[in-house]
Amino acid sequence: MFTQEHISRYSPGKLDRTSLKIYGTSDYAVTDEAGSPDPDYTVHMIWGVDPDWNIYLLDMWRGRTESDQWAKSFIRLCKKWKPLRWGEEAGQIIKSVGPFLRIMMEQEKVYVNRVQLTSSVNKEQRAHALLGMAAMGKMYLPKRNEIDEYFLQHLDAFEKELLQFPTGKHDDTVDTATLFARMLDRIIRGESNNSKKSAPHGDTLDDLWSRHDAKQNANRDDY
């Protein structure tokens, strides 16, 4: 479904993060998945949305660990990025670890609105929202030579799974990215840092004076 042409790149050092709204998504897994020798991965992703609805992968974590370890990674990413909302797959896993994760969040004083999304169709259908964004050139991944080795190893996995989807051996990162695309109708886009919008009411002092002068002149014309 996805090709190299669907991947746009951004430079992390030049990205204006102050104009982004930040969100997170997770696909949870268990390490002892029915005795499988090659179980799924738990994946967390951090996304930014700019004023033009471009989406940027800002950070991610991927691992095969017990729930307490991936929960710690979840907490770390929440503290670092302070997302407005976090999307996660509804199902048996979140039902079993949800109370534990909630306790950890309370202990660490991490507060984020977690939203569970139900998967009622197959993976290919769920991925179409992400494919649409990518096809329009709105899905941006970081330039590979501008991120650290930790991030790069997770990004490698995502790009590999993305280009092999839906026939690859693993697709946990794609499922996590798909969750974010499916959540687009529940998020707020970023805001432009135009200086004219720096005041709380949206006007600069010059704007207010100009409006005042125009009103005064109009009143004089009436007389």
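A polar contact is a pair of N or O atoms within 3.5 Å; within protein, one of the two must be able to donate a hydrogen and the other to accept it. The exercises below concern a predicted model.

**Exercise 1. Describe the surroundings of Glu 108 and state which side chain makes a polar contact with the side chain of Glu 108.**

Solution. 

Step 1. Locate the residue. Glu 108 is found in the loop between helix H2 (92-107) and strand E6.

Step 2. List the contacts. When neighbours within four places in sequence are left aside, Glu 108 is in contact with Ile 75 and Lys 79. Ile 75 is 33 residues away from Glu 108 in sequence, while their C-alpha atoms are 7.7 Å apart in space.

Step 3. Identify the polar partner. The side chains of Glu 108 and Lys 79 make a polar contact at 2.6 Å.

**Exercise 2. Determine which strands pair with E4, and in which direction each pair runs.**

Solution. 

Step 1. Examine E3. Strands E3 and E4 run antiparallel and are joined by 8 bridges.

Step 2. Examine the connection. E3 and E4 form a hairpin with 5 residues between them, and Trp 53 in the turn has a positive phi of about 65°.

Step 3. Examine E7. Here E4 and E7 run parallel, with 2 bridges joining them. Tyr 56 stands opposite Tyr 140 in E7.

**Exercise 3. Is Asp 59 buried or exposed, and with which side chain does the side chain of Asp 59 make a polar contact?**

Solution. 

Step 1. Asp 59 is part of strand E4.

Step 2. Apply the cut-off. A residue is buried under 20% relative accessible area. Asp 59 has 5% relative accessibility, so it counts as buried.

Step 3. List the residues touched. Not counting residues up to four places away in sequence, Asp 59 touches His 44, Met 45, Ile 46, Leu 77, Lys 80, Trp 81 and Phe 151.

Step 4. Name the polar partner. The side chain of Asp 59 makes a polar contact with that of Lys 80 at 3.1 Å.

**Exercise 4. Identify the largest nonpolar core and the residues with the most contacts inside it.**

Solution. 

Step 1. State its extent. The largest nonpolar core has 35 residues, and Ile 55, Leu 57, Phe 158 and Phe 180 have the most contacts inside it.

Step 2. Name contributing elements. Those giving two or more residues include strand E3 (42-49), strand E4 (55-63), helix H5 (149-164) and helix H6 (172-182).

Step 3. Follow one member. Beyond its neighbours within four places in sequence, Leu 57 has contacts that include Tyr 10, Trp 47, Tyr 140, Leu 155 and Phe 158.

Step 4. A separate core of 24 residues includes Leu 58, Ile 75, Ile 94 and Met 105.

**Exercise 5. Classify the ring pair Tyr 23 and Phe 180, and the ring pair Tyr 56 and Tyr 140.**

Solution. 

Step 1. Begin with the total. There are 7 aromatic pairs.

Step 2. Take Tyr 23 and Phe 180. Their ring centres are 6.3 Å apart and their planes stand at 45°, so this pair is tilted. Tyr 23 lies in strand E2 (residues 21-27) and Phe 180 in helix H6, 157 residues apart. Relative accessibility is 2% for Tyr 23 and 0% for Phe 180.

Step 3. Take Tyr 56 and Tyr 140. Their ring centres are 5.1 Å apart with planes at 25°, so this pair is stacked.

Step 4. Tyr 10, Tyr 56 and Tyr 140 form one aromatic cluster.

How values were computed: Residues numbered from 1 in each chain as written. Predicted model: local features only at pLDDT ≥ 70, side-chain atom pairs only at ≥ 80, totals over all residues. Heavy atoms only, no water. Core = buried A, V, L, I, M, F, W, Y, C linked by side-chain atoms within 4.5 Å. Buried < 20%, exposed > 50% of the residue type's maximum accessible area, 1.4 Å probe, protein only. Helix = DSSP H or I, 4+ residues; strand = E, 2+ residues; numbered from the N terminus. Contact = heavy atoms within 4.5 Å. Pairing = 2+ DSSP bridges. Phe/Tyr/Trp six-rings, centres within 6.5 Å; stacked < 30°, edge-to-face > 60°.
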